[in-house]
Amino acid sequence: MKLEEKTIEDEEVVLEGEAFSTILPEILDKKHIRSKAFSLSLPALLNMLLISFVGMVDMIMVGRLGPAAISAVGMVNQPIFLIVSVFIALTVGTTALVARFIGAKDINSAKNVAKQSMVVSILFGILLLPILYIFAPQIEKAMGAEPEVLTLGVAYMRTIAIGTPFNVLAMGLGAILRGSGDMKTPLIADIIANLSNILGNYILIFGKFGAPALGVAGAGIATSIARFISSIILLYVLYRGKTVIKLSLKENYGLDFGILKRIFNIGIPSALEQFVLRAGQLTFVRIVAELGTIAFATHQIAMNIQSLSFMPGQAFSMAATTLVGQLLGANKPDIAEESARQTRLLGMIVSGISAFTIFFFGKYITMLYTNDIAIIEQSRICLRIIALIQPAQSTQFILAGALRGAGDTRFPLYSTIIGIWGMRVALAYLFVMTFGWGLTGAWLAIGFDQILRAIVIYSRFRSGKWKHFEV
C-alpha cells in the first residue's frame with residue numbers, strides 16, 4: 001500500500017495510557033506511523049537494553065569468579081529458558097487478544113483476558129518452583145556439566161528457582177500492559193528491579209556490607225529478589241495505578257475456559273516455537289560444551305554481548321505486536337501493514353548501530369569480562385559473525401512480532417523449526433564435530449539459522465494472509 005503525505009482527521013483509541021490516533025481514511029503519512037511506532041518502541045527498547053546491560057554486569061561480576069562460574073550460569077539458564085518457554089503460550093496470546101480488544105474499544109473483554117492471564121501465571125509459577133529446585137542436580141548432569149561446574153550450577157539453579165513464580169507473574173503482567181499499549185510501566189518496573197539486582201549481586205557475590213560471600217549462589221538470590229520487586233510493582237500499577245485496564249480484588253477470578261481457549265489458540269504455536277527454539281539451543285549448547293570449559297565460557301560471554309544486537313529487534317517486535325493487534329482490532333489492515341514495515345525500518349537502523357559497535361569494539365567489551373587471551377580472541381571472531389547478519393536478524397524478530405499481533409503465530413513456529421534444527425543444530429554438529437572448526441563453526445551455524453528464518457518470515461508477511469486472521 002502506498003501511503004500519501006497528507007493531514008487527516010483522527011479518531012481516538014486508547015494506547016500507551018494516552019490517546020492513540022488511528023485513522024478513519026485508509027491513508028496515513030509515513031512520518032505519523034514512524035512517530036507512533038517509535039513512541040511504542042522506545043520504552044521497550046530502553047527496557048531491553050537495560051535487561052541486556054544488567055545481564056552483562058551480572059556476567060562480568062560472575063566472570064570474576066572464573067570460567068567455571070560463567071559456565072555454571074550458562075548451563076542453568078538454558079534449561080530454565082526451555083521450561084519457561086511453555087508459558088509463552090499465555091503471554092503471546094494475552095498481548096494479542098488485549099491489543100485486539102483495545103483496538104475495538106472493548107475494555108471489559110480486555111480486562112477479562114487480563115484476569116485469566118494473571119491467574120494462570122500464578123498457578124504455573126507455583127508449579128514450576130519445586131520442579132526446578134528438586135531436580136536441579138539431574139538437570140545439570142543432563143547438560144553435561146563437569147564436576148566443578150555441577151556444584152556451582154546446582155546452587156545457582158536452586159536460588160533462581162525461588163524467584164521463578166515472581167518471574168512468571170511479571171511476564172504475564174507485562175504482557176497485559178504491553179497489549180494495552182503501556183510500554184512505560186514494564187520499563188519502570190525493570191529499572192527498579194534491575195538496579196536492585198546489580199546491588200544485590202555486588203553485596204551477595206562478593207560479601208560486602210557484612211553479608212557472606214556466596215559467589216554464584218549470591219547471584220541467584222539477587223536475581224530472585226529483583227523478580228519479586230518487579231512483580232509487586234506491576235501488580236500495584238494494575239490495581240492502583242492509572243491504566244487502561246484496571247483490576248479489582250472484588251472481581252471474579254474463576255477460570256473462564258472460553259477466554260483461555262482463545263488465548264491458547266493464539267499462544268500455543270508461540271509456546272511450541274519457544275520450546276523448539278530452547279530445545280534446539282539446548283542441543284546446540286551441548287555441542288559447544290564438548291569443546292571444553294574455556295570454549296563454553298567464551299560462548300557465554302559472546303552470547304551475553306550479542307544481546308546488544310538482538311535486544312533492539314525484540315523491542316521493536318513488541319511494538320509491532322501491539323500496533324498490528326490494535327489496528328486490526330480497529331479494522332485498519334493496510335495501516336497495520338505499513339506500521340509493521342515502518343517499525344522494521346526503525347528497528348534495523350538501531351540494530352545496525354549495535355552491529356557496528358560489536359563488530360569493531362567487541363574485543364574490548366569482552367575484556368570487561370575476562371583477561372584470558374584465548375577467550376578474548378575467540379569471542380572477537382564470534383561477535384563479528386553475528387554483526388554481519390543483523391539485517392536478517394532484525395527482519396525475523398520484528399516481522400514475526402507483527403504476525404503474532406495478528407494472531408498468525410504458526411509461521412514463526414515453522415521458521416524456528418527450520419532455522420534452529422535444520423540450520424543451527426545440524427550445521428553446528430557438521431562444522432564442530434565433523435569439520436573441526438570449533439567455536440567459529442558453531443557461530444557460523446547461528447548466522448545461517450537467522451538468515452533462513454528471516455526469509456521464511458518475510459515471505460509470510462509479504463503474502464498479506466495474516467491480515468485476515470480471526471482471534
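1. A residue counts as exposed when its relative accessible area is over 50%. In this predicted model, N331 has a relative accessible area of 59%, and it is therefore classed as exposed. N331 is placed in the loop between α11 (293-329) and α12 (333-366). Its phi is near 60 degrees, a positive value in a residue that is not glycine.

2. F209 is not a glycine, yet its phi is positive, at about 55 degrees. The loop between α8 (184-206) and α9 (216-240) holds F209. With a relative accessibility of 71%, F209 is exposed. As background to both entries, a negative phi is what most residues other than glycine have.

3. The aromatic pairs come to ten. One of them joins F356 and F361: the ring centres are 6.5 Å apart and the planes stand at 65 degrees, so the pair is edge-to-face. The class follows because an angle over 60 degrees counts as edge-to-face. Ring pairs also link F356, F359, F360 and F361 into a cluster.

4. Are F356 and F361 buried, partly exposed or exposed? F356 has a relative accessible area of 49% and is partly exposed. F361, at 43% relative accessibility, is likewise partly exposed. Both assignments hold because partly exposed covers the range between the 20% limit for buried and the 50% limit for exposed.

5. Two charged side chains are placed over rings. K115 lies over the face of Y253, at 6.0 Å from the ring centre. The ring of F284 has the charged end of R424 over it, 5.7 Å from the centre.

6. In general terms, nonpolar side chains tend to be buried together in soluble globular proteins.

7. Which residues does Y369 touch, leaving aside those up to four places away in sequence? The contacts of Y369 are with M56, M59, I60, G63, R64, I301, N304 and I305.

Note on methods. Residues are numbered from 1 along each chain as its sequence is written. This is a predicted model: local features need pLDDT of at least 70, side-chain atom pairs count only at pLDDT 80 or more; totals for chains, interfaces and linings use all residues. Side-chain values use heavy atoms; hydrogens and water are left out. Rings of Phe, Tyr and Trp (its six-membered ring) pair if their centres lie within 6.5 Å; planes under 30 degrees apart count as stacked, over 60 as edge-to-face and the rest as tilted. Buried means under 20% relative accessible area, exposed over 50%, partly exposed in between (1.4 Å probe, protein chains only). A charge sits over a ring if NZ of Lys or CZ of Arg is within 6 Å of the ring centre and within 35 degrees of the ring normal. Helices (H or I, at least four residues) and strands (E, at least two) are DSSP runs, numbered from the N terminus. Contact means heavy atoms within 4.5 Å.
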